[in-house]
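Please open the model in your viewer and keep the selection tool at hand. The stops below say what to pick next and what is found there.

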Amino acid sequence: MNWSPDTTQVKSWNEWDTLRHVIVGKADDCHIPPEEPALDAKVPEDSDMRGQWGRRPQETIDRANELLDNFADMLRKRGVRVDRPTPTDFSLPATTPDFHTDSQFGCMPPRDVLLTVGHEILEATMSYRCRWFEYLCYRPLMQQYWEEDVNFRHEAAPKPRLTDADYHADYLSEKIGIEKRLKWTAEKFFVTTEEEPLFDAADVLRFGKDLIVQHGFTTNMKGIEWLRRHFPDHRVRAVNFPGDPYPIHIDATFTPLRPGLILNNPNRRLPDEQRAYFNKNDWEIVDAAQPAHNTPPPLCYSSTWLSMNVLVLDPKTVCVEASEVYQMEQMDKLGMEVIPVELRDAYAFGGGLHCCTADVYRDGDCEDYFP
Ligand code: NVA
């Protein structure tokens, strides 16, 4: 059945086919959560975020929401159906029999939580305690899709215990230093242990029959094995990016634009032995352009490489953050039509244009790009 705006259909097999229906996050009530093991490991050692937490200043929330609303309006004007999550009260603690943290996070980046594979939307286990309940923000939409689309599969991965056994204590010391972090990344020694399956949805990229998954801070090997068993008709491949001292979420590191073309962060190059899989199937991996900024905006977890965190609307059209002049120029040279979208003031709330969205429907079927 073809796409129609009058009926809800869930279907998306890859990152580039024509986008028809998407979820765009919200910045409401977003908090900087208190310290906890996996989150601390990600906050850069020189970050302005070390040692402070609480609700983000209202004027920054309002500004981020203005940008997210504008982005949603632009997509709607182009004919894309846009849904929004229902924020919960993130000032409430997250408490289970296994852990307690004093506040939660927010719901700006749905990409971290929801993994759409074909007719299924899978809620990730998540790996931060403060994000354990974030799936609740999307439940009203999941319920609606389930009522309206008989083919929709709503799935949730087993919620993890997230006890201290899930985290390597070595990562909890105040100063580790970049050199040691890079050594640990190269050795695949990450903050999360192999206690139980863990994954964030934003560590997964969909290439039709192949799911490419970053093994790092937020996704462990058991999480990747869980995905392999859950999607038996897919090939699930683990990838690593040894140049990244804070390896979480693949979407500022490896960005497919269309069949045969991927941008790779030049500081986090895919190792040759993993690159071969793509090259032998005629995929070109190109170094991404440099970011336009030397530093991330204030109170931001992410790196300046959100420059390559783009949203592909179809194999010829891509949304790029409006201040990322070098990335826009490169896209243009690669033959893409570029839609500049202002989002930098929302980065601190959980990421860029890819992070703040989650696919509901794209045209196209499940293809094998690596036969
Ligand atoms: N590892 C990423 C997060 C991207 C969404 C970074 O570069 O900060």
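Begin by selecting Ala346, which touches Ala27, Ala64, Leu67, Leu68, Met108 and Cys356, leaving aside residues up to four places away in sequence; contact here requires C-beta atoms, placed from the backbone, to lie within 7 Å. This is a predicted model, in which local features need pLDDT of at least 70 and side-chain atom pairs count only at pLDDT 80 or more, while totals for chains, interfaces and linings use all residues. Residues are numbered from 1 along each chain as its sequence is written.

Together with Leu68, Val318 and Cys319, Ala346 touches the most other members of the largest nonpolar core, which has 101 residues. Such a core is a set of buried Ala, Val, Leu, Ile, Met, Phe, Trp, Tyr and Cys residues joined through C-beta atoms within 7 Å, and buried means that 20 or more other C-beta atoms lie within 10 Å of the residue's own. Next, select helix α2 (residues 58-77), which gives this core its largest share, seven residues; helices (H or I, at least four residues) and strands (E, at least two) are DSSP runs, numbered from the N terminus.

Now move to strand β11 (210-214), where five of the five residues are buried, so the strand is largely enclosed by the rest of the structure. Asp210, Ile212 and Gln214 lie on one side, with Leu211 and Val213 on the other.

Finally, select helix α5 (residues 221-230), whose buried residues are Gly223, Ile224, Trp226 and Leu227.

Methods:
A residue is buried if 20 or more other C-beta atoms lie within 10 Å of its own, exposed if 12 or fewer, and partly exposed in between; C-beta atoms are placed from the backbone. Two residues are in contact if their C-beta atoms, placed from the backbone, lie within 7 Å.
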